[in-house]
Amino acid sequence: MGDDQPNGNLSGELPPEIVVVTGMSGAGRSTAARALEDLDWFVVDNLPPGLLPTMIDLAGRTQGAVPRVAAVVDVRSMAFTEDLLSTVEELRRRGITVRVVFLEAGDDTLVRRFENVRRPHPLQGDGRLTDGIARERETLRAIRGAADLVIDTSQLNVHQLKAKVIGFFGDAEEARPRANVVSFGYKHGLPVDADLVLDCRFLPNPHWIPELRAMNGRDAPVREYVLAQTGAKETVDSYAEVLRLVIDGYQREGKHYMTLAVGCTGGKHRSVAMAEQFGERLREQGLEVHVVHRDLGQE
């Protein structure tokens, strides 16, 4: 029955998208794996090549719950070169698309990275660090030649490598920067995950306006009152420009998430109204935005 199934998948479900991440120790396999995890890939680390078909069959039975699988395979796997190459060829004969990503770096770079973390090379044995690197490079020569994508990380930091992987494997929607805007009350404490904090306590507090006290910053009368105060719109305009510059910088460094915390005394009026405004401005800049009012209702 399995021979009659499309793509050779034993379950009859369409097989997931497969990427095998391999390469030199110290070249950034873990960073590449984390980038794929950020793109919602199901990542399996240090998977023996012989288990890859089983992993793919299991993923294919999830009815689309695991649409993309990345397997990180390193030189510690037994019979690495023959097993991995033959496994990839077997999967391709079944009609499954498999892409092999090979990460490498120059010897000087690898030596420096191993010395920085003070760890021996997995193939070093009783020899020198350079002996282990040379042995690994020779062992992986065939799989490097068969790789679909080779990334030299010698001149890349972790952020740049992550951005490169996202560029290769993320679609336009996934690569789009994302922002969380959180309103909060200082009396309840700062959000621990905030990248940037804006204090709105310089604005008059609607709490002291009897007809506004029971409302919150999402209500039109409160929003209009807050934005009509001296400095409110100027703050939104100026800080939105600052955010644009910061987000551009984050993207260059491979960071695609940002949390802006907007605070007032209780987290009910001023911060809520201003957070909504920043959410609108960030959407206009092309970001995916999630606005949360952390302390609303705690008064």
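1. Is Asp 107 buried, partly exposed or exposed? Asp 107 is partly exposed, with a relative accessible area of 40%, a value that, like every other here, comes from a predicted model. Its side chain meets that of Arg 137 in a salt bridge, at 2.7 Å from N to O. Because Asp 107 lies in helix α4 (residues 107-117) and Arg 137 in helix α5 (residues 129-139), the pair ties together parts that are 30 residues apart in sequence. Arg 137 is likewise partly exposed, with a relative accessible area of 26%.

2. Asp 57 forms a salt bridge with Arg 94, with 2.7 Å between the closest N and O atoms. This pair links distant parts of the chain, 37 residues apart, since Asp 57 sits in helix α2 (residues 52-60) and Arg 94 in the loop between α3 (80-93) and β4 (98-104). Asp 57 is buried at 9% relative accessible area, and Arg 94 is buried at 18%.

3. A further salt bridge joins the side chains of Asp 148 and Arg 92 (3.0 Å, N to O). Asp 148 is in the loop between α6 (141-146) and β5 (149-152), whereas Arg 92 is in helix α3, 56 residues apart. Asp 148 counts as partly exposed at 47% relative accessibility, as does Arg 92 at 30%.

4. Helix α11 (residues 232-252) has 21 residues and reaches 30 Å from its first C-alpha to its last, close to the 30 Å expected. Its buried residues, among them Val 236, Tyr 239 and Leu 243, pack against β7 (196-199), α10 (220-227), β8 (257-264) and α12 (270-284).

Note on methods
Residues are numbered from 1 along each chain as its sequence is written. This is a predicted model: local features need pLDDT of at least 70, side-chain atom pairs count only at pLDDT 80 or more; totals for chains, interfaces and linings use all residues. Side-chain values use heavy atoms; hydrogens and water are left out. Helices (H or I, at least four residues) and strands (E, at least two) are DSSP runs, numbered from the N terminus. The expected span of a helix is 1.5 Å times one less than its number of residues. Buried means under 20% relative accessible area, exposed over 50%, partly exposed in between (1.4 Å probe, protein chains only). Contact means heavy atoms within 4.5 Å. A salt bridge is a side-chain nitrogen of Lys or Arg within 4 Å of a carboxyl oxygen of Asp or Glu.
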